Amino acid sequence: MTGVGTDRSSLQAILGVDIDDELLQLALTHRSYAYEHGGIPTNERLEFLGDSILGQAVTVMLYRENPDLEEGDLAKRRASLVSSAALAQIARGIGLGEYLRLGRGEILTGGREKASILADTVEALIGAVYLDAGGDVATAFVMRLISPLLADPARFGAAMDPKTSLQEMSAHLGVGVPVYTVSESGPDHAKVFVATVSVGTAVTASGEGTSKKHAEMAAALLAWTQLSEMNA
């Protein structure tokens, strides 16, 4: 199946905002799907727009709500909230992968769970909301998306430094030391890195990114989340 896995109206309900159906469809259209369907438009322009709106909304929120934090601490918090690892976590929380329009090859290689694709789609959705409903609604949408991270201090800390958080949790639980392996593919100008982290026999998780560091962070955050849920 190369189209949307689930009716988009259910996604509208999950997102809590009405988006023009054509815009929503565009936001969900990965380049792999577009390529297989004659070069139709992709979500990449919306992603570009959404990235800017996300960054501004998070920056303003952090500045207003943390008057005592220095610039360096504000920058770290912003980076954690807009990172691919954090956005992919948000996407998984709302089941976004089910709705992606992916090419057959991406589906076969697990594209619905790839952190980079999920994160890019979240940004595209933000861009779509902005175009359809304006800046105020888009900002409120961003705040709603990141609220799970803000509401859970432990998860927020893990998103800021997932590798350290995973190491600390695995040591506390006595389940072993995280071990990472990384593979890469693609041309030099567009390499994709996939990291897998194993914590003894307790958990194994994978993450993808445009650098080894980002891939390891994505894998670590997913492993940290799985360990947290197993030991809740």
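Q: Two strands pair if DSSP finds at least two bridges between them; what makes strand 2 and strand 3 of this predicted model a pair?
A: Strand 2 and strand 3 are joined over seven bridges, and the definition asks for at least two, so they count as paired. The sense of the pairing is antiparallel. A195 stands opposite G207 in strand 3, and V197 stands opposite A205 in that strand.

Q: Why is strand 3 described as largely enclosed by the rest of the structure?
A: Five of its seven residues are buried, so the strand is largely enclosed. To be buried, a residue must have under 20% relative accessible area.

Q: Why is Q12 called buried?
A: The relative accessibility of Q12 is 15%, and the cut-off for buried is under 20%, so Q12 counts as buried. Q12 lies in helix 1, which covers residues 8–15.

Q: Which residues does Q12 touch, leaving out those up to four places away in sequence?
A: Q12 touches V17, D18, I19 and L24.

Q: How many cavities of 30 Å³ or more are found, and what is the volume of the largest?
A: A search of the whole structure finds one, and the largest cavity has a volume of about 50 Å³. To be a cavity, a space must hold a 1.4 Å probe that cannot get out.

Q: Which residues line the largest cavity, and how do they divide by class?
A: The lining is made up of H30, R31, N43, E44, E47, I117, D120 and T121. By class, one is nonpolar, three are polar and four are charged. Helix 4 and helix 8 each supply at least two of the lining residues, and helix 8 gives the most, with three.

Q: What is known of the largest pocket's volume and lining?
A: About 460 Å³ of space lies in the largest pocket. It has 22 lining residues, and those closest to its centre are R31, E106, S116, V192 and E208. Elements giving two or more residues to this lining include helix 3, helix 8 and strand 2. Five lining residues are nonpolar, eight polar and nine charged.

Q: Which residues lie nearest the centre of the second largest pocket, and how many line it?
A: A79, S83, S84, H214 and M217 lie nearest its centre, among 19 lining residues. The space in this pocket is about 380 Å³. Among the elements that each supply at least two residues are helix 5, helix 6, strand 3 and helix 12. The lining has six nonpolar, seven polar and six charged residues.

Key: Residues numbered from 1 in each chain as written. Predicted model: local features only at pLDDT ≥ 70, side-chain atom pairs only at ≥ 80, totals over all residues. Heavy atoms only, no water. Helix = DSSP H or I, 4+ residues; strand = E, 2+ residues; numbered from the N terminus. Buried < 20%, exposed > 50% of the residue type's maximum accessible area, 1.4 Å probe, protein only. Contact = heavy atoms within 4.5 Å. 1 Å grid on protein atoms, 1.4 Å probe; cavity = no way out; pocket = protein on both sides within 12 Å on 5 of 7 lines; lining within 4 Å. Points joined across faces, edges and corners; volume = space filled by probe spheres on them. Nonpolar A, V, L, I, M, F, W, Y, C, P; charged D, E, K, R; others polar.
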